[in-house]
Amino acid sequence: MLRFTDEHEWLAREGDVATVGITTHAAEQLGDLVFIELPKVGARLVKGEAAAVVESVKAASDVYAPVSGEVTEVNDAAVADPSSVGSDPQGAGWLYRIRLDDPSALDGLMDEAAYAAFPK
Amino acid sequence: MPFDALRTPLHALHLRLGARMVPFAGYAMPVQYPDGLLKEHLHTRARAGLFDVSHMGQIQLVPRSGSLADVARALETLLPIDVLGLQPGRQRYGLLLDESGGIRDDLMAAQCGDSLLLVVNAANKAADEAYLRAHLTGICEIAMLPRALLALQGPGAEGALARLAPEVAAMRFMDVRAVRLADTSALVTRSGYTGEDGFEISVPEDGAEALAEALLADPAVQPIGLGARDSLRLEAGLCLHGADIDPGTDPVEAGLGWAIPAVRRRGGAREGGFPGAARILAALADGPARKRVGLRTEGAAPVRAGALLFAEAAAGEVIGHVTSGGFGPSLQAPVAMGYLPVALTTPGTRVFAEVRGRRLPMVVNGLPFVPAGFKRA
């Protein structure tokens, strides 16, 4: 199940774990990424709070946690090569995986069609 | 984009080239083209980049008396440089200072024979024009010229511009020359804001697009946005007014004392006589309390403008702050500039920058970060 937030993140849920990343639109807006900082495995994320940072040459942008839960895995390859987040943000450039406090938390988010129509 | 954003004469060209436009100093400006900032930056260092800097102010000063020396003398009361000694066809960098010696703006002053042309920052141009009018109206006519300004920068700039006007190849760094380019009358200076050799080209608005197209027809020349303009100037250790220099900084601590020549310093023939002179001449003689430095990080995280600097990894007082910071594409590493107490400005000195609640080690680095490619001979 693929869902999108109005902050331009995507979540792919399998069971009670969701993979989180930034959308292609967000990556295009940010431009060339040169640094990313991810939460630590085991960290508790609270919906709406800064979870990760993605930095382009010009600016640092917070990526907010779209849901609450515990980080189970982070994409170390993306940390080593931040450009992968820019070139394949909805694939190899995923950011982290989170065990959802409430697996139904994704129900209120946009599906692909709704996000495509969402004004950007 | 705000509906009331001003447009440069190259607006339609930017859109055709696929630029992402952003508001900057009241103008809609291209921040990057489809190639992206990293490629644009590296292309400029390797070949040649074309920048639209038409948002900058081009202020012409024409003497009422017919004698340019009258304008030069009057301008020296505002600007601590040698305007009287500026020869026709040459330009100098200068600083407009306020009464406490703070930097109102930085500019280029070109001697065009019968007039002076000042090129000032976009964000300050209205204030600069008003300030000049308040002080110089009796001496000269002051006009904000409705002209475009293009910058062609990089090791391939000379070759690309010389294809349109061979005589520019003979220009030296900071030379000024009137040249016919792409069927329009241009005023060309050999200068720029990237640390590379290059030219800034002032043309009438209706000739700007044809000139830009003629330059872009050269495969060595790519359009470059404001994003790369900023990373290029930061690697070159060049100040951005409003960030690295402002009314709260003076030329000496900013490391711009070189722009104040001996003739305006203590013991010089035209010593002082500019706003803030007492403080600035004392600072030149005694040395500043703090200085602008280059800073590199030990880790991969960029340190941005506004980050506070500390001497220690924990606790301790704030000792300075970062004024510009980002990623240097040519260095493939973060770079920054900021102010530190003079005792901590020796290259190699370790300090700490606070980023997202943590202190990251940084090392003082000489400026520029990349060697300048100016045409000195």
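How far apart do the C-alpha centres of domain 1 of chain B and domain 2 of chain B lie? They lie 28 Å apart.

## Model and numbering

This is a predicted model, in which local features need pLDDT of at least 70 and side-chain atom pairs count only at pLDDT 80 or more, while totals for chains, interfaces and linings use all residues. Residues are numbered from 1 along each chain as its sequence is written, and chains are lettered from A and ligands numbered from 1 in the order in which they are written.

## Domains of chain B

Chain B is divided into domain 1 (49-213 + 238-287) and domain 2 (289-377); the bounds come from an automatic or database domain assignment. Between them, 14 residues of domain 1 of chain B are in contact with 16 residues of domain 2 of chain B. Two residues are in contact if their C-beta atoms, placed from the backbone, lie within 7 Å.

The side of domain 1 of chain B that touches domain 2 of chain B consists of five nonpolar, three polar and six charged residues. Here Ala, Val, Leu, Ile, Met, Phe, Trp, Tyr, Cys and Pro count as nonpolar, Asp, Glu, Lys and Arg as charged, and the others, Gly among them, as polar.

## The six-stranded sheet

Chain B has an open sheet of six strands in the order β11-β12-β13-β10-β4-β14, with mixed pairing. Its edge strands are β11 (176-181) and β14 (221-223) of chain B, each of which pairs on one side only. From one strand to the next the twist averages 30°. Helices (H or I, at least four residues) and strands (E, at least two) are DSSP runs, numbered from the N terminus, and two strands pair if DSSP finds at least two bridges between them.

β11(B) pairs with strand β12 (residues 184-189) of chain B in the antiparallel sense over six bridges, and Val179(B) has Ala186(B) in β12(B) as its bridge partner. These two strands form a hairpin with two residues between them, and Ala182(B) in the turn has a positive phi of about 50°. β12(B) is joined to β13(B) by three bridges, and the two run antiparallel; Thr189(B) stands opposite Glu200(B) in β13(B). Strand β13 (residues 198-204) of chain B is also joined, through seven bridges, to strand β10 (residues 147-153) of chain B, again antiparallel. In this pair, Arg147(B) stands opposite Pro204(B).

## Nonpolar cores

A nonpolar core is a set of buried Ala, Val, Leu, Ile, Met, Phe, Trp, Tyr and Cys residues joined through C-beta atoms within 7 Å. A residue is buried if 20 or more other C-beta atoms lie within 10 Å of its own, exposed if 12 or fewer, and partly exposed in between, with C-beta atoms placed from the backbone. The largest core has 107 residues, of which Leu116(B), Leu118(B), Leu150(B), Leu152(B) and Ile201(B) touch the most other members. A second, separate core of 22 residues includes Leu309(B), Val351(B), Phe352(B) and Met362(B).

Beyond its neighbours within four places in sequence, Leu150(B) is in contact with Leu50(B), Phe51(B), Asp52(B), Ile201(B), Ala208(B), Leu211(B) and Ala212(B).

α2(B) lies across β4 (48-52), β10 and β14 of chain B and runs at about 120° to β4(B). Axes are lines fitted to C-alpha atoms, for helices over the stretch in contact, and angles run from 0 to 180 degrees between N-to-C directions. α2(B) is largely enclosed by the rest of the structure, because seven of its 10 residues are buried. The buried residues are Leu37(B), Leu38(B), Glu40(B), His41(B), His43(B), Thr44(B) and Arg45(B). Their cover includes β3 (27-32), β4, β10, β14 and α7 of chain B.

Ala228(B) is found in helix α7 of chain B. Ala228(B) counts as buried because it has 31 C-beta neighbours inside 10 Å. Apart from neighbours within four places in sequence, its contacts are Leu37(B), Glu40(B), His41(B) and Thr44(B).

## Contact with chain A

15 residues of chain B are in contact with 10 residues of chain A. On the chain B side, α2 (37-46), α7 (226-235) and β17 (318-328) each supply at least two residues. The largest share, three residues, comes from α7(B). The side of chain B that touches chain A divides into seven nonpolar, five polar and three charged residues.
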